Amino acid sequence: MRTLAILSALPDEQSGLLQQLEQPERVQRAGRTFWRGHWHAHAVVLALTKIGKVAAATTTTTLIEAFDVDRVVFTGVAGGMGAGVGVGDVVVAQNFVQHDMDASPLFARYEIPEHGSAILTCDVQLTALLLRAVQAGLAGVGRHFHQGQWLPAATVHTGLVASGDQFVSEAAAARQMLSDLQAAGFSPLAVEMEGAAVAQVCHDYGVPFAAVRTISDRADDSAHADFSAFVTQVAGPYARAVIGQLMTLL
Ligand code: SAH
């Protein structure tokens, strides 16, 4: 039976999803735990990419090779980069760029060698479904209290997401990264550490991919402050609501 894969990077991003899985079966491969089961009559496998691009590529390759996966959806957290992309907002990725790819002068900065472009595009149909699931899912979750204040209702953004092997936690570094990317014509809304790698593996295998990230921080000097609490209290419930909705739309 063809299977939908749902990936997250961190255990706290995944735990709410795991609770929804019917008849969960645990499979170990490549030093990772894959959870196979059903959700709303869909065959589903849940897995953690772990953190960073190589780890994410290993998980995704294993998933596709070993679990007959025909669609991959990623749900996790990211740092906000674009103007107006605040903590508690949600970004549905349309495409990805690797902010740390630089094989210049052989290739243009950010271009993925032998891919012919810097950009990895998400599947249009699956992304449209995910966006609908985000809008419906967020309508159903209450507002959240975080760092001493109520978060405003989440704004949903769609656009480019930058990935790389760096937790961006300095405002100056984030500004530099953004202005370098913008100089090359790329304006990411968010930065994280796995999405572009998952997108590249899915592209190579021809497997549709879509991704959603809740903004946990602004990739600045306070990025680390309340990261874990945010993932548990806000991003986890969002992911569960969104994927629950997605299951009714597929
Ligand atoms: N605190 C965690 C480490 C998280 S690393 C631990 O101790 O295990 C950050 C994770 O969140 C990555 O999976 C990355 O994709 C995402 N992320 C959130 N904010 C980010 C930021 N500002 N820069 C890069 N990645 C970020």
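The questions below go through helices, rings and loops.

Guide: This is a predicted model, where local features need pLDDT of at least 70, side-chain atom pairs count only at pLDDT 80 or more, and totals for chains, interfaces and linings use all residues. Residues are numbered from 1 along each chain as its sequence is written, and side-chain values use heavy atoms, without hydrogens and water.

Visitor: At roughly what angle do the axes of α2 and α5 cross?

Guide: Helices here are DSSP runs (H or I, at least four residues; strands are E, at least two), numbered from the N terminus. Axes are lines fitted to C-alpha atoms, for helices over the stretch in contact, and angles run from 0 to 180 degrees between N-to-C directions. Helix α2 covers residues 53-66 and helix α5 residues 195-205. Their axes come within 8 Å and cross at roughly 35°.

Visitor: Where does α6 bend?

Guide: A bend is the angle between axes fitted to the seven residues ending at a residue and the seven starting there. In α6 it is about 35°. Pro-237 follows within four residues of the bend, which is at Ala-235.

Visitor: Which parts does the pair of Phe-167 and Phe-227 tie together?

Guide: The two rings are an edge-to-face aromatic pair, 5.7 Å centre to centre with 85° between the planes. Rings of Phe, Tyr and Trp (its six-membered ring) pair if their centres lie within 6.5 Å; planes under 30 degrees apart are stacked, over 60 edge-to-face, the rest tilted. Phe-167 lies in the loop between β10 and α4 and Phe-227 in helix α6, so the pair ties together parts 60 residues apart in sequence: that loop and α6.

Visitor: Which peptide bond is cis?

Guide: Most peptide bonds are trans. Pro-105 sits in the loop between β6 and β7. With omega near 5°, the cis bond runs from Ser-104 to Pro-105.
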